[in-house]
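The following questions and answers examine one protein model step by step. Please keep the sequence and the structure in view while reading.

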Amino acid sequence: MQRRRFLKSGLALGTLTPLAGTSAAMEYARPPWMNEPGAGFSNYGQPSEHEKAVIRWISANPAVAGNGVAWCPLHALAGMVTPNGLHFERHHHGVPPIDPVQHRLMVDGQVARPLSFSVEDLRRYPLRSHLGFIECGGNSSAGWHREPVQTSVSYIHGLISCSEWCGVPLRILLQEAGVVPDAGWVIAEGADAFAMQVSLPMDKAMDDTLVALYQNGEAVRPENGYPLRLVVPGWEGVLHVKWLRRLRVASEPAMARNETARYSDLMPSGKARQFSFSMDAKSVITSPHSAAPVQGPGHWQISGLAWSGRGRITRVDVSVDGGRSWRTAELMEPVLAKCLTRFQYDWVWDGKPTILQSRAVDESGYVQPTRETLLSARGHNAEFHYNAIVSWAVDAEGAVEHVYA
Amino acid sequence: MPSLLMGALLVAWVPVWAAAGDASRSGPALGKPMSDASAEVSPAYIAADGRGLPDGSGDVDLGRELFAQHCQACHGAGGAGATADALSGAEEPLDSPWAEKTIGSYWPYAPKLFDFVQRSKPMNAPGSFSSEQVYALTAYLLYSNGIVEVGTRLDRATLSHIKMPNRDGFVRCYPEPEPGDPAWDHCFP
């Protein structure tokens with residue numbers, strides 16, 4: 001009785017002075033969920049019902065449900081690993097309902113012994129793990145637009161995600177099939193309605209490429225290629241062929257639609273960069289972001305992600321004055337090659353309008369370019385592989401807006 | 001001494017990738033031999049130069065009909081673009097600030113158009129077109145891009161011989177060029 005009255009007045013006080021924080025009464029009282037038995041077990045855990053807003057945003061073709069993308073909500077995540085249900089999606093013609101018992105991976109073309117593997121066969125192979133990012137070659141492509149697109153950071157840069165991929169080194173399968181000496185390419189195909197076809201150089205196939213069976217410990221999710229996908233560390237997403245069905249060893253690339261007409265970068269000269277596989281170093285601030293304004297002057301944590309297809313991130317610089325001065329951000333361990341790296345920076349906002357930026361440097365010495373530098377080299381029509389410095393203006397009210405600076 | 005020399009020779013023979021640390025790890029060799037004949041795998045493998053194209057032929061007229069029936073809803077009349085990409089009608093050249101990329105202006109190899117249509121189309125039943133239908137659609141798409149004349153009938157030989165306007169429009173950035181190579185400027189400006 002006494003306690004309840006106390007609690008009531010505490011609540012009233014709390015509502016009267018919202019900025020004063022939780023009242024002592026609320027803080028010290030036994031919260032309601034401690035006063036009844038909790039829920040039972042679950043076969044497959046789901047996020048809290050209070051996290052329902054943390055979802056992929058779907059941009060699908062109005063005429064083809066399975067064509068388009070679903071963006072990873074980078075602004076709502078912390079650390080570097082992407083939960084499996086939030087990994088970005090890019091499908092050209094939907095997610096196939098593959099029966100793993102019937103699925104086969106064929107290795108043929110210029111090999112001594114064309115081979116066919118069942119999923120069960122592949123699960124018996126020695127596995128290797130790669131904790132790393134997959135980034136669509138079209139990620140951040142809004143950056144090529146002449147005016148800054150006004151939307152959330154995740155809607156512009158969310159075609160990247162990071163997982164622990166576990167699978168059979170592709171090299172082992174190719175060696176078992178016996179690749180002929182001068183075969184320079186492996187043409188990979190998917191078992192989707194689109195019948196994806198792209199070409200992978202033999203050096204990369206023999207280096208760190210995996211035929212992945214597992215994503216963050218469980219079977220690869222259907223939208224990420226179940227039961228098999230290629231994982232090509234550090235290289236553009238389209239090469240990580242999902243629903244992998246065929247690997248055709250060849251002396252020449254296939255010159256498929258998705259390595260000529262798409263995922264090539266048209267330059268101002270009229271020529272296009274082709275096979276620009278490695279995703280160059282990039283970083284983006286994910287907090288503060290446009291849906292979460294800075295709530296007044298004071299101390300704030302700037303947080304973001306940096307990555308490079310060429311190895312480790314060695315440094316991320318942050319500017320809180322529109323690029324006039326740069327300070328080194330803190331990198332959150334672990335810092336791994338070809339993997340997302342989380343950076344943080346302690347910012348004390350004086351309440352004046354300003355511009356926030358981040359700039360990544362990788363172990364090859366490559367420095368993330370300014371937008372001006374990137375555009376002067378590649379023009380506005382490249383469509384893919386945009387990796388320039390991203391700028392966010394903060395106005396006097398703390399609202400965050402995408403700007404070109 | 002001879003063994004040292006042999007060692008050196010052997011090293012020279014080892015392909016680059018075998019030098020990687022993990023390279024000696026082998027697998028249990030569980031793959032089953034394929035019955036051979038890559039040609040039997042569907043969709044067929046069609047190379048940029050036309051190797052792998054099937055027998056048969058198809059013409060622009062049939063292609064026009066098929067296009068109206070199966071393609072126009074998304075790609076627009078004549079391939080001008082709608083909910084899906086424009087397939088023809090580029091006016092601005094590739095070196096214009098407003099460059100337009102279509103089959104006619106951008107695609108480097110005509111046989112790969114056949115390949116794309118046979119593997120991905122029609123949208124509601126991919127892979128179900130006959131060779132004649134795919135040759136016909138390819139002929140129509142090339143016609144609507146001003147690359148072949150009306151009335152053209154395409155088959156393996158004729159399609160393989162078409163040289164697309166943008167054949168030489170691509171600079172390979174892999175293997176990565178060295179500084180000084182003209183490709184360097186395109187790939188790593």
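Q: How many residues of chain A are in contact with chain B?
A: The model considered here is predicted. Contact is counted when heavy atoms lie within 4.5 Å. On the side of chain B, 52 residues take part, and their partners in chain A number 68 residues.

Q: What area do chain A and chain B bury between them?
A: Buried area is summed over both parts. Of the area buried by chain A and chain B, 55% lies on carbon and sulfur atoms. The whole amounts to about 5400 Å².

Q: How many salt bridges are counted between chain A and chain B, and which residue of chain A meets K32(B)?
A: The count between the two chains is seven salt bridges. A salt bridge requires a side-chain nitrogen of Lys or Arg within 4 Å of a carboxyl oxygen of Asp or Glu.

Q: Into which domains is chain A divided, and what distance separates their centres?
A: Chain A is divided into domain 1 (104-273) and domain 2 (282-403). The contact takes 37 residues from domain 1 of chain A and 32 residues from domain 2 of chain A. Taken over C-alpha atoms, the centres of domain 1 and domain 2 of chain A are separated by 28 Å.

Q: Which three residues supply 25% of the area that domain 1 of chain A buries against domain 2 of chain A?
A: Together the two domains of chain A bury about 3000 Å², 61% of it on carbon and sulfur atoms. On the side of domain 1 of chain A, three residues supply more of the buried area than any other three. They are F133(A), W144(A) and V153(A).

Q: How many salt bridges does the rule find across the interface of domain 1 and domain 2 of chain A?
A: In chain A, the side chains of K338(A) and D208(A) meet in a salt bridge, with 3.2 Å from N to O. Across the interface of domain 1 and domain 2 of chain A, the number found is two.

Q: Which residue in β7(A) stands opposite F133(A)?
A: Strand β6 of chain A covers residues 128-135 and runs antiparallel to β7(A), joined by eight bridges. Strand β7 of chain A (residues 160-169) is mostly covered, with nine of its ten residues buried. The residue of β7(A) opposite F133(A) is C162(A).

Q: What is the bridge partner of P169(A) in β10(A)?
A: Strand β10 of chain A comprises residues 210-215 and pairs with β7(A) in the antiparallel sense over five bridges. In β10(A), the partner of P169(A) is L210(A).

Conventions. Residues are numbered from 1 along each chain as its sequence is written. Chains are lettered from A and ligands numbered from 1 in the order in which they are written. This is a predicted model: local features need pLDDT of at least 70, side-chain atom pairs count only at pLDDT 80 or more; totals for chains, interfaces and linings use all residues. Side-chain values use heavy atoms; hydrogens and water are left out. Buried means under 20% relative accessible area, exposed over 50%, partly exposed in between (1.4 Å probe, protein chains only). Helices (H or I, at least four residues) and strands (E, at least two) are DSSP runs, numbered from the N terminus. Two strands pair if DSSP finds at least two bridges between them. Domain bounds come from an automatic or database domain assignment. Buried area is the accessible area (1.4 Å probe) that two parts lose on being put together, summed over both.
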